[in-house]
Amino acid sequence: MVTPIIIILLLASPLGIAFILSKFRNNPLDVAKYACWGLGVAFVFFFIGHLVKAEGMVEMLPPWVPFRLALVYLTGLLELVIGIGLFLPRYQVFAGKVAIVVFVIFFPANVYAALNGIGLGGHQWGPVYLLIRGPLQIILIAWAYFLCVKGHNKSMQPTAGAPAD
């Protein structure tokens, strides 16, 4: 059950470190930038999981899904691309939107794994694991939307009284 804690720590660490540094340096904090970095770090972690735990992730998919191992590697590559995009200012909003779609599309695999007690990352707990994974998915989606998509758009708007470009 350590994986959700690791995910939350990876997600929040860049923003937490940037917050502390901004207080010491008396600089404004670019919340959207560091929130996107945190989500990017989490997505790189997800990618690594797809490489290291590929066989376990294959088991998370129903047997009727074709090319399950290739699909695990392909989705891992997608997660790496999203992760990289979240570090690049030009692509952060788009990557945040794609991240939300991925969280929604991949969630049924977590439900299947939990309902079938497949032992990867807490799923062996059975359906009770969804009491942890469900809220974690909501946190990840909310983080992506409010901090990386909507928050990034706000930080790009001119402030009151400032001339628009």
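The model is predicted: local features need pLDDT of at least 70, side-chain atom pairs count only at pLDDT 80 or more, and totals for chains, interfaces and linings use all residues. Residues are numbered from 1 along each chain as its sequence is written, and side-chain values use heavy atoms, with hydrogens and water left out. The chain has six helices and zero strands; helices (H or I, at least four residues) and strands (E, at least two) are DSSP runs numbered from the N terminus.

**Overall fold**
- From the N terminus on, the elements run α-α-α-α-α-α.
- The C-alpha trace spans about 60 × 30 × 25 Å along its principal axes.
- Of the 165 residues in the chain, 39% are buried, where buried means under 20% relative accessible area, exposed over 50% and partly exposed in between (1.4 Å probe, protein chains only).
- Contact means heavy atoms within 4.5 Å. Among contacts between residues at least 6 apart in sequence, 65% join residues at least 24 apart.

**Nonpolar cores**
- A nonpolar core is a set of buried Ala, Val, Leu, Ile, Met, Phe, Trp, Tyr and Cys residues joined through side-chain atoms within 4.5 Å.
- The largest nonpolar core has 23 residues, of which Leu39, Phe43, Phe46, Leu86, Phe103, Leu140 and Trp143 touch the most other members. At least two residues of this core come from each of α1 (2–25), α2 (31–52), α5 (92–115) and α6 (130–155).
- Another core, of 10 residues, lies apart from it and includes Ala54, Met60, Ala113 and Leu120.
- Beyond its neighbours within four places in sequence, Phe43 is in contact with Glu79, Ile82, Gly83, Leu86, Ala99, Val102 and Phe103.

**Largest pocket**
- On a 1 Å grid over the protein atoms alone, a pocket is an open set of points where a 1.4 Å probe fits, with protein on both sides within 12 Å along at least five of seven lines; lining residues have an atom within 4 Å of a point.
- The largest pocket has a volume of about 790 Å³, a volume being the space filled by probe spheres set on the points, which are joined across faces, edges and corners.
- Of its 31 lining residues, His50, Met57, Met60, Asn110 and Arg133 are the closest to its centre.
- The largest share of the lining, eight residues, comes from α5.
- The lining divides into 20 nonpolar, eight polar and three charged residues. Ala, Val, Leu, Ile, Met, Phe, Trp, Tyr, Cys and Pro count as nonpolar, Asp, Glu, Lys and Arg as charged, and the others, Gly among them, as polar.

**Helix α4 and Val72**
- In α4, the buried residues are Val72, Thr75, Gly76, Glu79, Ile82, Gly83 and Gly85. Their cover includes α2, α3 (54–59) and α5.
- Val72 counts as buried because its relative accessibility is 3%.
- Leaving aside neighbours within four places in sequence, Val72 is in contact with His50, Ala54, Met57, Val58 and Leu61.

**Loop residues with positive phi**
- Most residues other than glycine have a negative phi.
- Asn26, in the loop between α1 and α2, has a positive phi near 60°. Asn26 counts as exposed because its relative accessibility is 71%.
- Phe67, in the loop between α3 and α4, has a positive phi near 50°. Phe67 counts as exposed, at 70% relative accessibility.
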